[in-house]
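Let's take a friendly walk through this model, from its overall build down to a few individual residues. Please keep the structure open as you read.

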Amino acid sequence: MSTAITPRHVAVIGAGAAGLVAARELRREGHGVVVFERGNQVGGTWVYTPDVESDPLGLDPTRTVVHSSLYDSLRTNLPRECMGFGDYPFKKREGKGRDSRRFPSHREVFTYLQEFAADFEINELVRLETEVVFAGLVMVGEGGKWRIKSRPSNSDDRECVDEIYDAVVICNGHYVQPRVAHIPGIDGWRGKQMHSHNYRTPEPFHNQVVVLIGGAASAVDISRDIATVAREVHIADRSIKEYKLGRVPGHDNMWLHSMIDSICESTVVFRDGKAIVADFIVHCTGYKYDFPFLETNGAVTVDDNRVGPLYQHVFPPELAPWLSFVGLPWKVVPFPMFERQSNWIAGTLSNRIALPSKEEMTEDIEAFYSSLEASGTPKHYTHKMSDDQWDYNNWISDQCGFPAIEEWRIQMYEATSKNRVLRPESYRDEWEDDDLVLQAQKDFANYLI
Ligand code: FAD
């Protein structure tokens, strides 16, 4: 490892949790940082808005994009102790407008991120309401330069500002561009439909028969939300175990089905042979990675939701360390991962940490892709981590001398995952891992906030 620290001029795109902690780590390392944020506040996904897009499916490329996918009733699906940054715990706060629950409402996460930005004086680095419309390489090599074109949000190209940066860190989030499943007959669907990205409150579903597609966290939450007002809710989940098919325990208007086989006008036919006449389809089918502003001459592409080639989900070998991504992996505890990735990026940019050669990084990526193929993992699961997240985090920690992930955090994540299966309706209010909460609180006492 080299010891000569070299400060760089770095552009960070996005001021969500990833961009905020990237800015903190880059500045701590001694770099000059500008954070571009097209919204009017920091917080990214956690800036709730009742606004929805003109195309409820979110597919029309000419629509005005609404960034956040939050619904009004959303509470975190991770306990706050587990969710927060390592040295800035997401502690309970009492007081007006605060939500001290262990799995708080989205508003509490927003407040936590706002406080993070204020306490670490990140706001002074952020240009709000400034959208990056182009990020492209000008020159490769030591001191590689990037051209960033930005403009005030909702203005036109005449107001573009052109600047040159040494490096770009992309933190633009990946719950914005909807993915929808292809279903035979959907083009002739007579009813209404939307993607969960545009779901906010249950009112529009009053007395409706609703088919909801998906089995992940938002499908579970939104189905329960809608069932409070709908006549019937039918969930089509392609990974459902056969013994679970049928009425959902504890609900008299909600049923689980296998995936949809086909649609004929107003009738939805499931693969389990059941058919129902419905009013509304809600697609809780996930999102696509999208970097509409990025120009790398083919060095980074998105293919079937694989962003690549990327060394350890962060650096494209061809452009490292001048281009990097924070936050691509999913099915993870995001914030602690963001801070490790950011510290690694900051350290490589300053020459504190050496990356392997381009050839070695490429070999590593090829070996990873081969292992996915050998295990039958589809390409679009390239960035799905789940159980591998701890080794991944600790591998990055080793690269940059960052503390390892706390053992209580790993156990808490696992306890919560089990509890969610055991008590899908009440896991946010009933749990059995108070011993881990105590361990976390003991750890938190080391931090002043
Ligand atoms: P974002 O928060 O999406 O921030 C990206 C930012 O980039 C935005 O502010 C956007 O305006 C900005 N941006 C994008 N393009 C441009 C551009 N061209 N120019 C300038 N700015 C741009 N995580 C948890 O830990 N716990 C949970 O309980 C949890 N629940 C979730 C529930 C839902 C419904 C969703 C969608 C996600 C949830 N997550 C949860 C994951 C969540 O995405 C992460 O916690 C985290 O907030 C992601 O941060 P980010 O900075 O990567 O992206």
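The sections below cover the whole chain, the ligand shell, the nonpolar cores and some local details.

## Ground rules

This is a predicted model: local features need pLDDT of at least 70, side-chain atom pairs count only at pLDDT 80 or more, and totals for chains, interfaces and linings use all residues. Residue numbers start from 1 along each chain, following the sequence as written.

## The chain as a whole

The protein chain has nine helices and 22 strands; these are DSSP runs, numbered from the N terminus, with helices being H or I of at least four residues and strands E of at least two. Its radius of gyration, taken over C-alpha atoms, is 22 Å, close to the 22 Å from the globule rule for 449 residues, so the protein chain is as compact as a globular protein of that length. That rule is 2.2 Å times the number of residues to the power 0.38.

Along its principal axes, the C-alpha trace spans about 65 × 50 × 50 Å. Buried residues account for 38% of the 449. A residue is buried if 20 or more other C-beta atoms lie within 10 Å of its own, exposed if 12 or fewer, and partly exposed in between, with C-beta atoms placed from the backbone.

## Around the ligand

The ligand is surrounded by 32 residues, each with its C-beta atom, placed from the backbone, within 6 Å of it. The closest are Gly14, Gly16, Ala18, Gly44 and Gly173. Helix 1 (17-28) supplies the largest share, three residues, while strand 4 (130-139) and helix 5 (334-349) each supply at least two.

By class, the shell has 15 nonpolar, 14 polar and three charged residues. Here Ala, Val, Leu, Ile, Met, Phe, Trp, Tyr, Cys and Pro count as nonpolar, Asp, Glu, Lys and Arg as charged, and the others, Gly among them, as polar.

## Nonpolar cores

A nonpolar core is a set of buried Ala, Val, Leu, Ile, Met, Phe, Trp, Tyr and Cys residues joined through C-beta atoms within 7 Å. The largest has 71 residues, and Val12, Leu20, Ala22, Leu113, Val168 and Val169 have the most contacts inside it. Apart from it lies another core of 28 residues, including Tyr71 and Cys284.

## Local details

In strand 1 (residues 9-13), four of the five residues are buried. Five bridges join strand 1 to strand 2 (residues 32-36), and the two run parallel. Val10 has Val33 as its bridge partner in strand 2.

Leu438 sits in helix 9 (residues 434-444) and is exposed, with 12 other C-beta atoms within 10 Å.

Technical notes
Two strands pair if DSSP finds at least two bridges between them.
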